[in-house]
Structures are given as structure tokens and as C-alpha cells.
Amino acid sequence: MNMMNEAKWWQTAVIYQIYPRSFADGNGDGIGDFAGIISKLDYLKALGIGAVWLSSHYPSPQVDYGYDISDYRGVAPEYGTLDQFKEFLEQAHRRDIRVILDMVLNHTSDKHPWFVESRSSLDNPKRDWYIWKKGRGNQPPNDWYSTFGGRAWELDPTTGEYYYHYFFKEQPDLNWNNPEVRQAMWSAVRFWLDMGVDGFRLDAVGTIFEEPSWASHGQPYTSEDLYCIERLAKTDQEKQDALCKWETVFHNQYDQPGVHELMQELRSIVDGYKDRVLIGETDDISYYGHGDDELHMVFNFPLMRVNHLTPHHVLTNQQGRLSQIPVGGWPCNTFGNHDTSRSYSHFGDGVHDAALARQQLVLLLALKGTPVLYNGEEIGMTDYLIRAPSLFRDPLNTYGYRLEMEVLGSSPEQAVWYSAERGRDKCRTPLQWDHTANGGFCPADITPWLPVNPNYAEGVNVADQEKDPGSLLNFYRQAVNVRQQTPALLYGNYTLLETENSDVLAFLRETQEQSVLAVFNFSERRQAVKLSQVGKFSHVLFSTSQPGGDRVTASCLSLQPYEACLILLD
Ligand code: GLC
């Protein structure tokens, strides 16, 4: 098969996630917007990315910062107008940058007109668009919890019934068993596809359906218990146990019957348009369906959900997943997003952070599958732990703070630190564009919606790094460029190589025309590794340590600490 002709744009592009509230502020009000995004499209082009995944941009009360949508066909007024969105789409396309929108199917905002109607009376025509149940005496309909804390049920005084919400109470779940809901949501999907957007990242797909008999989970833990158990877990075993407890409590609330048929329905809509893509916010391989009838990609979250990357972790992850993805499905790898720690902080060890960030990027670009970057990682933005609860914006920060103070008995200092560490504000702070006040995100006399990480003044900003040939930003540009020029990295097969050195990972990416060896030293010491594939005609394509183009003369490679090296085999 000649992949070169058959590869789709979403298989070869590097995707870049924009968190619109924090990316670029065009009108100087302290909140990111479309004017800002449009002004940075050339920056994205220079980075070599081929597609943007835009986190939710829809009108929203912003309880969950856009993931509580009140209008599926609009633009949040603080981000701009629909015309500005269209301008953004056109300008991106003009630069060969595709646009993937977020699509939240599981729930709407409680301020969405559908829900306002639904809650207004028992016989409102939209009553059945959401999930309403009678309580058991004074108790909610069953013992389920919200994954964001507290009961999954909210009593609505107007009708005396409860509605179900898997996330915050301001995010009531839609009833996807109602055909009118499907029709209304698919019509919103078509609205954007007709406009020319290139696909969707599907939010929380696993949570769309619930166990049909609403059976009790029967566990003795409350959601607060689960928070505390996880927060106090220290060893890997304790963390694993905490996760198992969470799963036994929540197992009736995700990956339930009906969801695959629904994904097939959506896929058939999307397939009616040319060249569009669906990426699921799930790591469950079953969402690939038969390879061509559900989602084009799901995220390889297990790759990033470890504290330290090791060769063993990467190779077992790859072996497990690549063998399971059905023919037609395509892998998708990432090291961070708007819900997780920033990769620079998460995988850094405090000493070799700069080297680790470079190594990781090369790994991400060399693995088989589409790489997804999170805005700011290209300049090494780090988690920023907000020190005053009054500045918290994510309700999960605030929830954590309350539990720290009221349940765990933490001191106020500890409570702020832990809740900032566990909440999501830390990875959502504004993009650092230069070393002027507020990192150049907004004017000096404006308070940005979340504080800017002060390390913008220490070189963690775009302007300073653009001037420095050795910066992380320029490293990103070079590495992405090498990947985009190297067919074997774009769509070659993946073969693991045995290195007999537990600190070294090596694999091949091969097309019929080209073979690239990717080799990584995960240790702080030099490592020598023998690989019979490396012959005297090989040369270094790209490396974190050696200039490209060097001939490799022996099959024994010497790798610098934390080196990542791509070698072209002749
Ligand atoms: C997804 C989003 C997250 C949001 C949640 C509820 O996990 O990534 O930010 O809070 O869904 O929509």
C-alpha cells in the first residue's frame, strides 16, 4: 500500500490545542479571543502545525469554562462574533491549518434554553430531553455521584424531581435516548461541518449513556471519601487501589450500551462530508469500532498517565495499543491538555527539565500516530499554582480547597497548595508572549482572568525564545519540521528493537522507501547501545545532542544523557 497517497491530513498533521480563554487577547480585556487567535496564526504556521483543536468556544456561563454550553451554534461574546469565527476559519485554511472544534455531547449548561424549558414543568415538550427522576422519599433517585463531587442528582424545586449530572450541577446530562435530542445535536454538528470546520474532538464520550436500570453501585464510599483516599495515596499500589475504588463506584455511569451505535450514527454524518475527523476524549480502543465506522482516533492517555516515562512504559504501551487498534484506526499521542499537569512540570525532575522536555517532544513526534500539543508547551510553560483561593477559577480547585479544610484538616497553606495542585487552573494560565507585564498577554493595567505565571520574566515567553536559536521554541520548530519532511515518521510502520539496556528505548519507523531509527537515552548517564540496524551509511537526521547530518560509523551508538536521536538508515 502506498501510504503517501492515501494518508489523510489528520494522520500526518501535528495538532495544536488552543485553550481560547488563555491563548491570545486581541482586545485587551484580560480574556483570550478570536482577534487574538487570528493574529497568532502565522506563529502557528511557523511552528509547523497542521491543525488546531480549539477548546470550547461556544456561548457559556463559563462555570466549567466553556464545557457548559448554552448555545451550540454561537461564539462566546467575550471571544468574539460568529463572523470573527468565520474569519478565523478562513484565515487558518488559507495557511493550510485545519480547524477541529470541541463538541460536548453529554450535557449542556443549565442555562441552555432547552434545559430552561425542560425544568419549567412536568409536561413541557422538552421535559424528556434531560434525565429527570423522582426521589426515594427525601433521598435522590439512586446512590450515584458526580465525578466532580457530590451527588449526581440535583433536586429541582419547580417540579420536585431530580435531574442527573455526571459533571457539575450546572451541566445537566442530555437524554440521548430521546430521538429529538439526537436530531437537535446532529443539526448543531452539521451547522459547523457545513461552515467548513474539519472535525471534532468529542468531549467525555464515555459518559453519554448510563446503566439502563440505574442500578446502585452498592459501595460504601462517598465522592468525598474517594477524593480523600486518592489524595492520601502515596505508593503506586495505594494509587492503584484508589483508582479501583473510583471505578467500582462509577462503573454504571460510563461506557454503557448504546454509545457505540451513537458513534456510528455520528460517523455516518461526518462521512457525508469530505475529509473530516472525529477524535474521542477517551483512551478506550473500542471507540475505533471496526476501524472505519466509529471514531478516527482516540487519545493514548495511558502514555501520559505516569509520573516518569521509562523505556519499559513506552514499549509496553505501544505494544499493547498498536496491536489492538483495528485496521483503519489511527493512533493519537499527547502529553498534556487543559485538564492535566503541564508536561514540562509533570515529567520534569527539577534538574533535567529542559532535556526531558526535548526528549519527550522527539518521542511524541517519532511514535506512530498523530501528535497533539497543548498551547504553551512549545516554550516550556509550567504549572502555576495559584496561592490565594480567591483567585481560583476552576470549581474543582475550590472543591478541593473545601475538602482540604473541612475534611482532611489541612492547614490553610497546605489546603491552598494541594487544591491548586489538584485543580485545573494550574495548566490554564495565559500564554506568555513576551517579557513585558502580564507576559504580553494583556495590558499591564488589566487583570487577566487567571494570573500569568511570573516565569514569563525568566525567558519562558515567545518573544525571547524566538530570538534565541537554542531555545525550546526553536527546538520545537526544528523537530516538527523534521517530522513533516520525513515520510517514515509520518506514516511508517513501527517496530520495537531490543536494546538489552533498560535505560534505552529504540524503535524503527519504516516505509517501503525509508527507514528511521529512533533511539532514546532515558538516563542521566551516557549510554552505549549496540544496534545491528545501524550500518556505516546511516546518518543522524535529528538529535537533541548532536548536530544533524553526522555520519554514524559503527553499530555501537553512544548516547548523551537524555539524548533523543533520529537516524536515517540507508
Ligand atoms: C472533559 C473536558 C473537561 C470538562 C469535562 C466536562 O473532560 O476536557 O475540561 O470539565 O469534560 O465537560
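Student: Which residues does Asn 521 touch, not counting residues up to four places away in sequence?

Tutor: This is a predicted model, and in it Asn 521 touches Gln 359, Asp 503, Arg 526, Gln 527, Leu 559, Gln 560, Pro 561, Tyr 562 and Glu 563, with residues up to four places away in sequence left out.

Student: Where does Asn 521 lie?

Tutor: Asn 521 is in strand E14, which covers residues 515-521.

Student: And is Asn 521 buried or exposed?

Tutor: Asn 521 counts as buried, because its relative accessibility is 0% and the cut-off for buried is under 20%.

Student: What lies 2.8 Å from a polar atom of its side chain, the one of Asn 521?

Tutor: That is the backbone nitrogen of Ser 523.

Student: Switching to the ligand. How many residues surround the ligand, and which are the closest?

Tutor: There are 13 residues around the ligand, and the closest are Asp 64, Asp 203, Glu 281, Asp 339 and Arg 424.

Student: How do the residues of that shell divide into nonpolar, polar and charged?

Tutor: The shell around the ligand has 3 nonpolar, 3 polar and 7 charged residues.

Student: Which polar side-chain atoms lie where, relative to an oxygen atom of the ligand?

Tutor: For Asp 203, a polar side-chain atom lies 2.9 Å from a ligand oxygen. For His 107, the distance from a polar side-chain atom to a ligand oxygen is 3.1 Å. In the side chain of Asp 339, an N or O atom is 2.5 Å from an oxygen atom of the ligand.

Student: What percentage of the ligand's accessible area does the protein cover?

Tutor: On its own the ligand has 310 Å² of accessible area, and the protein covers 95% of that.

Student: Now helix H19. How many of its residues are buried?

Tutor: In H19, 10 of the 14 residues are buried, so the helix is mostly covered. Among them are Leu 472, Phe 475, Tyr 476, Val 480 and Arg 483.

Student: What should H19 span, and how far apart are its end C-alpha atoms?

Tutor: H19 runs over residues 472-485, and at 1.5 Å a residue it should span 20 Å. Its end C-alpha atoms are 20 Å apart, which agrees.

Student: One more residue. Where is Asn 453 found?

Tutor: Asn 453 is in the loop between helix H17 (412-422) and helix H18 (462-467). Asn 453 is buried, with a relative accessible area of 5%.

Student: What is Asn 453 in contact with, leaving aside neighbours within four places in sequence?

Tutor: Asn 453 is in contact with Thr 382, Asp 383, Tyr 384, Thr 429 and Gln 432, those neighbours aside. With Thr 382 there is a polar contact between the two side chains, at 3.1 Å.

Technical notes
Residues are numbered from 1 along each chain as its sequence is written. This is a predicted model: local features need pLDDT of at least 70, side-chain atom pairs count only at pLDDT 80 or more; totals for chains, interfaces and linings use all residues. Side-chain values use heavy atoms; hydrogens and water are left out. Helices (H or I, at least four residues) and strands (E, at least two) are DSSP runs, numbered from the N terminus. Buried means under 20% relative accessible area, exposed over 50%, partly exposed in between (1.4 Å probe, protein chains only). A polar contact is a pair of N or O atoms within 3.5 Å; within protein, one must be able to donate a hydrogen and the other to accept it, and residues adjacent in sequence count only if both atoms are side-chain atoms. Contact means heavy atoms within 4.5 Å. A residue is near a molecule or strand if one of its heavy atoms lies within 4 Å of it. Accessible areas come from the Shrake-Rupley method with a 1.4 Å probe; for residues, only the protein chains shown count as cover. Ala, Val, Leu, Ile, Met, Phe, Trp, Tyr, Cys and Pro count as nonpolar, Asp, Glu, Lys and Arg as charged, and the others, Gly among them, as polar. The expected span of a helix is 1.5 Å times one less than its number of residues.
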